[in-house]
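Opening the notebook on a two-chain model today.

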Amino acid sequence: MMALATPQIDFAAIEARERVSTKKKWPSLIVAALVSMIWVVPFYYMAVSIFKTHPEYTANNPLSLPEGLSPIIDNAISAWNTAKMGMGLANSAMYGLIGAALAVFFAAMAAYGLSRIDFKRQNFWFMLIFSGTIFPFQIYLIPLFFAYQKVGIINTHFGMLLFYTAVCIPFPVLVLRNYLNGLSREMDEAARMDGASEFRVFWSIILPNCIGPMTATFLLQFTWIWNDLLFSTVLGNRDDVRSIMNSLQIFHGSYTTAGPNLSLTAALIASLPAIVLFLLLRRHFMEGMRVTGL
Amino acid sequence: MEATHISRFGVGDKVKQETDIQLMERIGWHQVKAVEDRAMRRNFWKAFAFMSPAIVLVCGLLLMPVVYNIYFSFTKWKKFAGLDEFAGLSNYAKLPGNPYFDEAFYNTAIWVAASVVFPLAIGFGLAVFLRGVPMGNIFKNIIFLPRILAPTAVAVIWFHVYAPHGVLNSLLGMAAGRPVDIGWLYQDNTVTPAIIATFVWQSVGLVMVLVLLGLSAIPKDPLEAARIDGATSGQVFRHIVMPLLLPTLVVVTILSVLSGFTTFDLLWVMGVGYPGQRTLSLAVYMYFESFQKGAWAFGSAIAVIIGIVVFSVTWIQTVMQSRVDKMTR
């Protein structure tokens, strides 16, 4: 019973101490509120601007409240049509979903080979794949642009998917290999004893155990593809293959036709899918950040 | 080596029961080695089958381009000719002294310095500060929010915040009591700080969250013990919290530096009206020289320079990390 005996806890004293400490903290709350205005104001500005017509925007202070809520419909329709956002969203969704899914699957296969099968110079093959993360993106641009032209896949959906899949492989390989190295090999040894093929072991034992880190890296890579502007500018610069960020950038660049109210509406539309995804899968995003530090 | 380890190489179930020594004695060392070598080779091809999609894609679309890019940088390739002419180092020799390059290099150096200092200092400060603030989670979420937006969208928002009749000028006007119209994104001395501020605005939330994760992972016992022994909170921070947090800080710093000076989207979208856009950083200058002027070989050389800067930063990271590992061990 001695081990179970807990020291007397003076709840009243703890409460009093807590109260004192929160009371002392009121000034810091005000400071925090002031500091966070730096983050709130641009969002507030975006929120009021999308409800303004162009004349209304130019006539008033940018931070003033809108006169009515109805202009957002016109803004959205106009931005949607001029920037061809429907096409952009569909393209980006395809690149993100298929590209990231293929990349994470191939990465899981490679991680399986690297951590579950013993062979010589494992580290060399790992470094070969992982070296895809150490170069700045600028160094890929010119060779890819010309190789794509030569092969005839420049400005095609296939070409975009091919590159996005490739560039999203190395990082998940690192994460999944580390994860698999920490996972006991007993289960797959047992399955091999029972005569399961390597692919069967991978498919039925390793994959189901990797769902967590695979989801986390998938979300990370999906977001990367969704946000990418550089490669979609260079490799997919045609109306029907253009990604959403590229559409947004081109729309914004022609700001003589697109007023601030329109380009901010377009920016919001382009961001919404990623925001919704983040809010729905917040836990997985945070897990991914914890694991990867990205 | 465990006996089961050998059985995995296909020696068979009966052998599994023996210890290594017994096995060696029964069939002899060289035969064991031969069996193991054969198993290793067979295993290699098995593993290679699993790795092949990754290897093919990474080599074909990432590593080959790097090799070609380096090769291009030694040619005279411009517009439609000169790919077969060897230029030696002349592309690199042309870089220093070129006013655009010098300016771009200078701005890139500012980016490196700023993205070492600001995201870390502000993110760290906010993390420590907001831990003691009531309802701190609300503020943490607000500050993290920009991270969810795409850099292109953030750039569009801030382009209009900095616009001559935008938010910043109108706020400054209210404070000054007279209209202000500074072209933040059109002047040589304000454009880079303005875009860096946007970068920091977006990236600070992540640094803050990572530092908070690092702080929450610090065990409470040594902190309590130090307090009981009469350490001031400054001493606790300096001697216990900092060393435990240092690995996180190193990783976070490197991440923000690399993402900082290779940034393209912010500069491309926010600098759209700036006459000297190409000089905003090496990343933009490289894009400008190659895809707008067709100076492919020259652009490749700039890409190699960016690569060298990235490698130096990564190298510093490795050195720092091993130092930190030694310190904390």
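My entries on these topics follow.

**Ground rules.** I am working on a predicted model, where local features need pLDDT of at least 70, side-chain atom pairs count only at pLDDT 80 or more, and totals for chains, interfaces and linings use all residues. Residues are numbered from 1 along each chain as its sequence is written, while chains are lettered from A and ligands numbered from 1 in the order in which they are written.

**Chain B, overall.** I looked up the secondary structure and got 15 helices and zero strands for chain B (DSSP runs numbered from the N terminus, H or I of at least four residues for helices, E of at least two for strands). The radius of gyration of chain B is 28 Å, well over the 20 Å that the globule rule gives for 329 residues, so chain B is more spread out than a compact globule. That radius is taken over C-alpha atoms, and the rule is 2.2 Å times the number of residues to the power 0.38. Along the principal axes, I get about 95 × 75 × 30 Å for the C-alpha trace of chain B. Of the 329 residues in chain B, 39% are buried, where buried needs 20 or more other C-beta atoms within 10 Å of the residue's own, with C-beta atoms placed from the backbone.

**Domains.** Bounds come from an automatic or database domain assignment. Chain B splits into domain 1 (3-72) and domain 2 (90-328), and their C-alpha centres are 44 Å apart. For chain A I have domain 1 (27-69) and domain 2 (86-292), with 35 Å between C-alpha centres. In chain A, seven residues of domain 1 are in contact with six residues of domain 2; contact here puts the C-beta atoms, placed from the backbone, within 7 Å.

**Between the chains.** I find 69 residues from chain B and 76 residues from chain A in the contact. Helix α4 (residues 29-72) of chain B gives the most to the chain B side, with 20 residues. By class, that side of chain B has 53 nonpolar, 13 polar and three charged residues (nonpolar: Ala, Val, Leu, Ile, Met, Phe, Trp, Tyr, Cys and Pro; charged: Asp, Glu, Lys and Arg; polar: the others, Gly among them).

**One helix in chain A.** What bend does α15(A) have at A:Leu272? I get a kink of about 40° there, shortly before the proline A:Pro273, as the angle between axes fitted to the seven residues ending there and the seven starting there.

Conventions:
Two residues are in contact if their C-beta atoms, placed from the backbone, lie within 7 Å. A residue is buried if 20 or more other C-beta atoms lie within 10 Å of its own, exposed if 12 or fewer, and partly exposed in between; C-beta atoms are placed from the backbone.
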